[in-house]
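Have a look at the model, and then read on.

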Amino acid sequence: MDTDDLWAAIDDQRRRTADLLDTLTPTQWEQESLCQGWTVRDVAAHLTLQQQHLTDALRFVVHHPSLLRSGSLNRAIHQSAKLQARLPTAEIIARIRASTGSRRHNSFVTERETLTDILVHGQDNAVPLGLELTMPTAASAEAATRVWETRGTWLARVFRTLPLEGCRLTATDMDWSVGRGLEVAGPVGALLLLLTGRTALADQLTGPVPVR
């Protein structure tokens with residue numbers, strides 16, 4: 001995918017995600033997501049922080065100095081989401097919608113991380129609620145390839161690591177595969193979730209799916 005296609009995919013998924021959030025009840029907003037310790041509200045609030053340049057991040061820390069005591073990247077991300085989750089529900093949805101059309105992304109990452117974020121976190125909310133949120137195959141494959149290529153880097157630290165060495169991941173809904181070894185096959189969206197440490201769609205996969 002070229003840059004224009006990437007941002008079009010991000011915008012489409014932002015719209016779908018905002019539309020889904022618009023349908024949720026107050027009870028659903030407080031339900032646990034696929035991210036351990038994160039509610040649906042926390043995950044949605046995190047998606048309003050996809051456009052933080054360095055100055056924006058520093059300003060956020062100045063307003064919330066407790067972030068300096070987080071101790072790790074993942075704890076800082078979680079805490080920032082909790083703080084942002086104090087926003088009214090309507091404002092969280094509005095901020096996700098307002099990001100459509102913007103090509104800003106967080107400092108030190110690429111637009112491919114932004115794509116991965118909106119695709120995976122949308123499922124973090126939809127799956128435990130039993131709701132359908134479409135993940136286009138081309139966008140999912142682009143994100144899955146990026147996650148595979150950045151394994152072992154600092155970018156991978158935000159994901160739970162599953163033992164995928166010795167596996168070949170093969171999509172059954174498009175021409176896409178990575179890795180070598182025993183085949184794990186299924187929809188590319190389910191493989192993207194697996195690559196990011198989520199086994200909630202393991203029932204859609206065949207082969208030696210790691211579940212720890």
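Buried here means under 20% relative accessible area, exposed means over 50%, and partly exposed lies in between (1.4 Å probe, protein chains only). Helices (H or I, at least four residues) and strands (E, at least two) are DSSP runs, numbered from the N terminus. Please keep in mind that this is a predicted model, in which local features need pLDDT of at least 70 and side-chain atom pairs count only at pLDDT 80 or more, while totals for chains, interfaces and linings use all residues. Residues are numbered from 1 along each chain as its sequence is written, and side-chain values use heavy atoms, with hydrogens and water left out.

The open sheet has three strands in the order β2-β1-β3, with mixed pairing; two strands pair if DSSP finds at least two bridges between them. At the edges stand β2 (177-179) and β3 (182-186), each with a single partner strand, so one side of each has no neighbour in the sheet. On average, neighbouring strands are turned by 15 degrees against each other, direction ignored. For such angles, axes are lines fitted to C-alpha atoms, for helices over the stretch in contact, and values run from 0 to 180 degrees between N-to-C directions.

The two pairings can be followed residue by residue. β1 (residues 167-171) runs parallel to β3, and five bridges join them. Within this pairing, Leu-169 has Val-184 as its bridge partner, and Ala-171 stands opposite Gly-186. Towards β2, β1 runs antiparallel, with three bridges, and here the bridge partner of Leu-169 is Val-178. Five residues lie between β1 and β2 in the hairpin that they form.

Next, step back to the whole chain. It has nine helices and three strands, and from the N terminus on the elements run α-α-α-α-α-α-α-α-β-β-β-α. The radius of gyration, taken over C-alpha atoms, is 17 Å, close to the 17 Å that the globule rule gives for 212 residues, so the chain is as compact as a globular protein of that length. That rule is 2.2 Å times the number of residues to the power 0.38. Buried residues make up 48% of the 212.

Is Arg-14 buried or exposed? Arg-14, in helix α1 (residues 3-22), is buried, with a relative accessible area of 1%. Its side chain makes a polar contact of 3.2 Å with that of Gln-50. A polar contact is a pair of N or O atoms within 3.5 Å; within protein, one must be able to donate a hydrogen and the other to accept it, and residues adjacent in sequence count only if both atoms are side-chain atoms.

Thr-110, by comparison, sits in the loop between α6 (89-98) and α7 (111-129) and is partly exposed, with a relative accessible area of 26%. The side chain of Thr-110 reaches the backbone nitrogen of Arg-112 at 3.1 Å, and a polar contact of 2.7 Å joins the side chains of Thr-110 and Glu-113. Leaving aside neighbours within four places in sequence, Thr-110 is in contact (heavy atoms within 4.5 Å) with His-105 and Arg-146.
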